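My notes follow the structure.

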Amino acid sequence: MAYVPANGRFLPTALYDRSIAITMRERAWRPRLVRDVLLGEPSDVLDLGCGTGTLAVALVGAPGGARVTGIDGDPEILDLARVKEGSERVDFVEGMADSLPFADASFDRVVTSLLLHHLQPPVKRAALAEARRVLRPGGRLHVADWGRAQDPLMRVLFAGLQVLDGFSNTADHPAGRIPGMIEQAGFLGVRRHDCLRTVWGSFELLSADAA
Ligand SMILES: C[S@@+](CC[C@H](N)C(=O)[O-])C[C@H]1O[C@@H](n2cnc3c(N)ncnc32)[C@H](O)[C@@H]1O
């Protein structure tokens, strides 16, 4: 399957927020991600693969007054985002991660949570290159997604996610290839801020700089 929707290959998109609330320990990482993204007071933030807009709404509601754009390839999930409380201040755009409809150097931050494992390796690479292209010099990329398993249990749990979301698009994550792919897209200084145990395996918060 080329396009993997928010809730994977078998579960309805309408249940996405509930699935994530049950399985993803959101309070352990979303508020931290919002703080990290807004460090340095960016003016323009892009949420790449924004889904139902949970992160975009939190970003636009936080102090600092950043303009927030959310982009996603699925019109159904953008309909859910647009009715979320606080979403009227986010600019939601339909578009694909590997061909962003924005000019070069349009944003100070690009953040992408739970998107990369949906993308086939060449699309992942193209999406990271697009993130680099739309970032201004001195800008920063933040990635929240699965990484190398901390232990055998985390690897077994990740296999369950692979059944739901697909195997070829997720294989780079437990193999630990995401930081290298970020560097190959032209970013510097990839940092791992945290690695959380979840019911779907080891979940990492990464960031890197646009030179
Ligand atoms: C698991 S959801 C993550 C949503 C949100 N970022 C979050 O943190 O809850 C993955 C999202 O990526 C979107 N997506 C998948 N492939 C995409 C692509 N090639 N371009 C743009 N969005 C894509 C899906 O529609 C879905 O909304």
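The points below cover salt bridges and a surface patch.

1. This is a predicted model, so local features need pLDDT of at least 70 and side-chain atom pairs pLDDT 80 or more, while totals for chains, interfaces and linings use all residues. Residues are numbered from 1 along each chain as its sequence is written, and side-chain values use heavy atoms, without hydrogens or water.

2. The count comes to 13 salt bridges (a side-chain nitrogen of Lys or Arg within 4 Å of a carboxyl oxygen of Asp or Glu). One of them joins D17 and K84, at 2.8 Å from N to O. D17 sits in helix α1 and K84 in the loop between α4 (75–82) and β3 (90–94), 67 residues apart. Helices (H or I, at least four residues) and strands (E, at least two) are DSSP runs, numbered from the N terminus.

3. R32 pairs with D194 in a salt bridge, with the closest N and O atoms 3.4 Å apart. R32 is in helix α2 (residues 30–38) and D194 in strand β6 (residues 187–198), so the pair ties together parts 162 residues apart in sequence.

4. R177 and D172 form a salt bridge at 2.6 Å, N to O. D172 is buried, at 5% relative accessible area, whereas R177 is partly exposed at 41%. Buried means under 20%, exposed over 50%, partly exposed in between (1.4 Å probe, protein chains only).

5. Salt bridges with shared partners join D44, R67, D108 and R136 into one network.

6. F10 lies in the segment before α1. F10 counts as exposed because its relative accessibility is 56%.
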